[in-house]
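Colleague: I am new to this one. Please take one part and walk me through it closely.

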Amino acid sequence: MRNYEGLVCRVLILCAASVMWVCSLAGQERQDDRSVVQAENEVLKVEQSRDKALQERDVALLDKIYSDQLVFVNTRGQKFTKAQRLADLGAGKVEYFSYNQEGFSYHVYGDTVVMTGRTSSVVKFQGRVNKIPRLFTNIYVRTGGQWRLVAHQATPIVE
Amino acid sequence: MSEHTYMRKELRIAALLVIVALGMMGVASSQEATHEPDADIQKAILAADNERYDAMQKKDMAALDRLHGDGLVFINTKGRMLNKAEYLEEIRSGALKFLSVETDDYTFCIYGDTAIMSGRAKSVVEYHGVVNKKPRRFTSVFIKMHGQWVLVAHQATLIADESN
């Protein structure tokens with residue numbers, strides 16, 4: 001009986017120590033360079049999926065990538081929610097004629113990534129074709145292990 | 001030490017470790033993003049932003065240095081991207097002047113130590129000698145670092161006149 005109690009104690013100690021070790025590793029991971037590079041790579045992968053989904057009007061995939069709290073500001077300074085943006089895409093009100101993004105830069109803050117870049121995609125929205133090169137900021141936040149776009153804003157480059 | 005006393009001691013250590021481990025799990029899970037808008041955080045963000053505008057108008061470079069993250073990415077309405085040094089230099093040199101500050105229509109999204117504030121600005125700004133009164137939409141990202149909310153990203157876009 002005493003041997004059994006001793007075994008239980010040792011198993012508990014081992015489990016608790018393992019949990020503490022894993023938690024401390026998770027904390028360290030937020031800080032080190034490797035996790036920064038990993039976050040950048042993961043966000044780039046999600047961004048590439050988003051690009052493809054936009055061109056193919058894959059609303060189901062965009063629904064997974066966009067956070068429910070998405071705030072989307074386009075080059076005309078119009079603000080949209082996730083529901084509005086997905087409805088416009090689903091209804092064919094947003095049409096991409098060409099897609100080109102480049103010059104990405106990333107700033108990683110734990111579970112938040114600020115991604116900036118330049119796009120010269122040709123897109124039609126509300127009857128207007130936009131060809132003007134523009135800078136954009138995409139904010140990705142990791143929730144439940146998944147990177148989601150929580151904010152997007154684009155600004156035309158006028159000079 | 002008797003075997004019984006030794007067992008009790010071992011059991012206490014096990015119980016203590018389990019409590020500590022559960023606590024650590026709680027802390028780890030609390031670092032996951034939350035979507036709950038927090039009134040206190042919103043107030044703190046607005047206070048930090050007001051302090052930022054105040055420092056800009058007074059050219060208080062020490063305060064501006066403290067209120068902006070070293071990795072700041074600032075995209076202005078002309079589609080010009082500036083880093084922290086470039087942005088602060090525009091304020092210090094007088095290339096960027098806020099003649100008045102007026103912002104409204106805020107939306108906040110809070111994810112742990114990250115706050116995203118979007119809004120509308122009607123501030124009157126003089127930029128390289130040209131006065132801009134046009135309304136614009138902005139998105140600002142604040143991160144809490146060492147107890148202080150600092151601006152790490154900002155982008156502004158002119159609100160187009162839809163009659164054009």
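Modeller: Val152(B) touches residues of two chains, not counting those up to four places away in sequence. In chain A they are His107(A), Tyr109(A) and Val114(A). In chain B they are Gly69(B), Gly71(B), Leu72(B), Val141(B), Phe142(B) and Ile143(B). Contact here means C-beta atoms, placed from the backbone, within 7 Å.

This is a predicted model: local features need pLDDT of at least 70, side-chain atom pairs count only at pLDDT 80 or more, and totals for chains, interfaces and linings use all residues. Residues are numbered from 1 along each chain as its sequence is written, while chains are lettered from A and ligands numbered from 1 in the order in which they are written.

Val152(B) also belongs to the largest nonpolar core, which has 51 residues. Such a core is a set of buried Ala, Val, Leu, Ile, Met, Phe, Trp, Tyr and Cys residues joined through C-beta atoms within 7 Å. Buried means 20 or more other C-beta atoms within 10 Å of a residue's own. Val152(B) is among those with the most contacts inside the core, with Tyr140(A), Val150(A), Ile116(B) and Phe142(B). In soluble globular proteins, nonpolar side chains tend to be buried together.

Now a sheet in chain B. Pairing takes at least two DSSP bridges; β3(B) and β6 (residues 124–127) of chain B have four. Phe98(B) stands opposite Val125(B) in β6(B).

Methods
Buried ≥ 20, exposed ≤ 12 C-beta atoms within 10 Å, placed from the backbone. Helix = DSSP H or I, 4+ residues; strand = E, 2+ residues; numbered from the N terminus.
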